[in-house]
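Visitor: I'm new to reading protein structures. Could you walk me through this one?

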Amino acid sequence: YLSTLSAGETTLWRIEPDPEKETAAFTIYSLTKSPAITQTAMLYQQEHPELKVELRVGMEDEAALTRTDAIKQLNTELMSGSGPDLIVMDGLSVEKYTDMGLLLPLDVNVSDDRYFENIAETYQKDGSLYAIPTEFLLYAVQGPTDPASEIGSPSEVGQWILKNADQAGLAGYEYTGNYKAFSQYAQFLYDVYAENMIQDHMVDKNTLTEYLGVCGTLAESASDKTLEEDAVTRSIQAGQVEIHYNDSVHISAGLVAGVTDIGALTTQKHNGEAEYALYPMYQPCNILAVNANTKQAETAQDFITFSLGDKAQTLNMNTYEPITLDTFRSAVRGDGMDADEDGMICELYLGENIDSFYIYAPTEEENTSLEQQIRQIDHAFTEDVVVRDIVMETLASYLNGSTGLEDAVASATN
């Protein structure tokens, strides 16, 4: 069964194979579970009963392989000429797999003004496209004054957060109590610094030293220095909630995950609660690539085309930003969010005796400005989970005092 929400209506799908027909297997691999890919795959299966769409997850559950072992297993299969037909490259290095000749060039025209071209071409090399994200996430910070002129580089973002640390809720969030504020800032800063940590396949020690140092200084203001295990940067929404309700919190940083987060940014600006600015970087998500050795290349290409279509794109528009322009424009207008006549798209209810946080769709002017800003972003955070694990393990060792800064940098570099 699959439940989908579109244009305010819920549809329940029941998908049953026809036992009378032979079906060809089509395998999709992801390192970790991906609800977005799962939903798209089920819709694709419903439209293609002649196929048996199989989802493989490298790290299926706690008893499964470690991340490193799962990647090694995938690499062994690909190098031997076997493996899945389609690979979801989130957490994997598209650059490495492309250089090893393990991915097929894709047949997608990204220059026909249907997509955010800069994002669609993230993984283009020598005129060929080897992977394409079907969605993306933005990065934003909020503060009492417009932070745009102060966050143009990793160093500037780090210093801006340190300067405003006393307004960041590092002593503990009141209305999102299970949320680890320090861990969120450490992860956010990792994403910002990550692009410069590896230069020409070598570790940039200055960048790594600066990142660890900024986190170390920030930890001095934190009541809880815990780094969430296997964590990644989260939505900015928890910070938005604290800014709305918590008098001691005036800044936040995080991912902008869908139309509700976008609407909250503009709503809080209208209300005089916080200004915001996008950091000039995006995160490609649900990145699809085709195994160079697949016997289902045509089907894999068709699945990618399907994933870029409106039906699939609208499935996840409150979790990601759609890469397809028409769907993106529809999403930021609040279409499918059952907006009321005043444009309210979401009511965050925290309980009795607490006023709800009402979130409204951005204005057309704000949407136009947002689209223009996105088109100009030329930096992508493409995660290599192995690198993140090494850096986060080193940071934890540095924060708990078991390793000095110089030794921590040397350890991570090795």
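Predicted model: local features only at pLDDT ≥ 70, side-chain atom pairs only at ≥ 80, totals over all residues.

Visitor: Is asparagine 367 buried or exposed?

Guide: The computed relative accessible area of asparagine 367 is 6%. A residue counts as buried when that value is under 20%. Asparagine 367 is therefore buried.

Visitor: Which residue has its backbone oxygen 3.5 Å from a polar atom of the side chain of asparagine 367?

Guide: Start from the residues that asparagine 367 touches, which include Val332. The backbone oxygen 3.5 Å from a polar atom of the asparagine 367 side chain belongs to valine 332.

Visitor: Let's turn to the cores. Which residues touch the most other members of the largest nonpolar core?

Guide: That core holds 53 residues. Helix 6, residues 181-197, gives the most to this core, with 11 residues. The residues touching the most other members are Leu170, Tyr185 and Tyr211.

Visitor: What is tyrosine 185 in contact with, leaving aside its neighbours within four places in sequence?

Guide: Tyrosine 185 is one of the residues that touch the most other members of the largest nonpolar core. With its neighbours within four places in sequence set aside, its contacts are Ile161, Ala168, Leu170, Tyr173, Leu218, Ile251, Ser252 and Ala253.

Visitor: How many bridges join strand 8 to strand 12?

Guide: Strand 12, residues 275-290, is mostly covered, with 14 of its 16 residues buried. Strand 5 (residues 86-88) runs antiparallel to strand 12 and is joined to it by 3 bridges. Strand 8 (residues 132-143) also runs antiparallel to strand 12, and leucine 137 stands opposite glutamine 283 there. The number of bridges joining strand 8 to strand 12 is 11.

Visitor: Why is strand 14 largely enclosed by the rest of the structure, and which residue is the bridge partner of cysteine 346?

Guide: Strand 14 spans residues 344-348, and it is largely enclosed because 4 of its 5 residues are buried. Strand 14 pairs with strand 15 (residues 357-360) in the antiparallel sense over 4 bridges. In strand 15, the bridge partner of cysteine 346 is isoleucine 359.

Note on methods. Residues numbered from 1 in each chain as written. Heavy atoms only, no water. Core = buried A, V, L, I, M, F, W, Y, C linked by side-chain atoms within 4.5 Å. Buried < 20%, exposed > 50% of the residue type's maximum accessible area, 1.4 Å probe, protein only. Helix = DSSP H or I, 4+ residues; strand = E, 2+ residues; numbered from the N terminus. Contact = heavy atoms within 4.5 Å. Pairing = 2+ DSSP bridges. Polar contact = N/O pair within 3.5 Å; in protein donor to acceptor, adjacent residues only side chain to side chain.
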